[in-house]
Amino acid sequence: MNTISYFADEQKRRSLLLLSLFHVFIITISNYLVQIAFEIKMPFSEMTIPTTWGTFTFPFIFLATDLTVRVFGADLARKIIFAVMLPALAVSYVVSVIFFEGQFQGFSTLAEFNFFVFRIALASFAGYVVGQLMDIFVFNHLRKGKAWWLAPASSTIFGSLIDTFVFFAVAFYQSSDEYMAEHWFTIGTVDYFFKLFVSLLLFLPLYGILLNLLIKKLNLTVK
């Protein structure tokens with residue numbers, strides 16, 4: 001192996017490691033933030049819409065997945081998902097128990113099993129796996145199109161839909177949290193449309209920028 005090829009492979013390995021850690025980080029922080037609900041007051045009316053802070057962080061996962069598929073291929077993207085899902089489940093549970101409902105509870109709380117938090121972590125696990133596999137499936141079938149934005153936009157629309165409602169159903173249907181048990185479908189619907197708004201308005205242009213940077217840095221041809 002020549003020196004140029006060696007350094008190229010090292011850059012790829014580092015990129016894949018960083019992508020995997022990024023997945024774990026976003027899943028963990030989103031599981032923490034989804035415990036913190038708030039309401040958005042609609043302009044020119046008294047209507048309020050319930051949502052959570054996790055709505056604004058999880059779309060980063062779809063950005064990372066679509067970049068992985070585009071640069072490294074669908075097979076490698078699936079391997080990343082299966083590699084990070086169990087560590088993400090464990091880390092999410094630990095962090096969410098220690099910082100339950102946004103407040104530091106102390107490390108002693110880990111001595112007792114928190115079923116409410118476990119449901120959230122398990123829901124994230126299920127939603128992440130199903131949603132990301134859907135995202136990869138859609139993206140992989142559309143990435144050869146002439147319009148670069150079609151694949152990430154379409155995969156986000158379908159992947160987010162599956163991920164969002166799997167997550168909220170598993171986490172909050174008949175939950176011990178009365179507010180979330182009553183409003184999970186409404187919050188999930190709002191969450192989905194906010195994800196689409198944030199993803200298509202902000203992350204789609206960011207996807208194009210990061211894709212070009214990765215291609216130049218790693219000297220790759222997109223797949």
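Tutor: Helices are DSSP runs of H or I with at least four residues, strands are DSSP runs of E with at least two, and both are numbered from the N terminus. This is a predicted model, where local features need pLDDT of at least 70, side-chain atom pairs count only at pLDDT 80 or more, and totals for chains, interfaces and linings use all residues. Residues are numbered from 1 along each chain as its sequence is written, and side-chain values use heavy atoms, with hydrogens and water left out.

Start with S124, which is found in helix α4. Its relative accessibility is 5%, so S124 counts as buried (under 20% relative accessible area; exposed is over 50%, partly exposed is in between, with a 1.4 Å probe and protein chains only). What does S124 touch, leaving aside its neighbours within four places in sequence? S124 is in contact with I27, N31 and F167 (contact means heavy atoms within 4.5 Å). S124 and T28 are 96 residues apart in sequence, yet their C-alpha atoms are 9.1 Å apart in space. Contacts across the sequence count for much in the protein chain. Of its contacts with a separation of 6 or more, 74% join residues 24 or more positions apart.

The protein chain has 6 helices and 2 strands. Along the sequence they run α-β-β-α-α-α-α-α. Of its 223 residues, 46% count as buried.

Take I61: not counting residues up to four places away in sequence, I61 touches H23, I26, I27, Y128 and Q132.

T57 lies in the loop between β2 (48-52) and α2. T57 counts as buried because its relative accessibility is 15%. Its side chain is joined to that of S30 by a polar contact of 2.7 Å (a pair of N or O atoms within 3.5 Å; within protein, one must be able to donate a hydrogen and the other to accept it, and residues adjacent in sequence count only if both atoms are side-chain atoms). Leaving aside neighbours within four places in sequence, T57 is in contact with I26, I29, S30 and L33. I26 is also touched by I61.

S155 is another case. S155 lies in helix α5 (residues 150-172). With a relative accessible area of 0%, S155 is buried. The S155 side chain makes a 3.1 Å polar contact with the D135 side chain. Not counting residues up to four places away in sequence, S155 touches D66, D135, V138, F139 and S160.

The search of the whole structure finds 1 salt bridge (a side-chain nitrogen of Lys or Arg within 4 Å of a carboxyl oxygen of Asp or Glu). The partners are D75 and R78, with the closest N and O atoms 3.1 Å apart. They are 3 residues apart in helix α3, so about one helical turn separates them. D75 counts as exposed at 56% relative accessibility, and R78 is partly exposed at 29% relative accessible area.

The surface also has a nonpolar patch: V94, F99, F104, F107 and L110, with about 470 Å² of accessible area together. Patch residues have over 30% relative accessible area and no salt bridge; like charges are joined within 9 Å, and nonpolar side chains (Val, Leu, Ile, Met, Phe, Trp, Tyr) within 5 Å. Areas come from the Shrake-Rupley method with a 1.4 Å probe; for residues, only the protein chains shown count as cover. F107 lies in the loop between α3 (74-98) and α4 (115-142). F107 counts as exposed because its relative accessibility is 59%.
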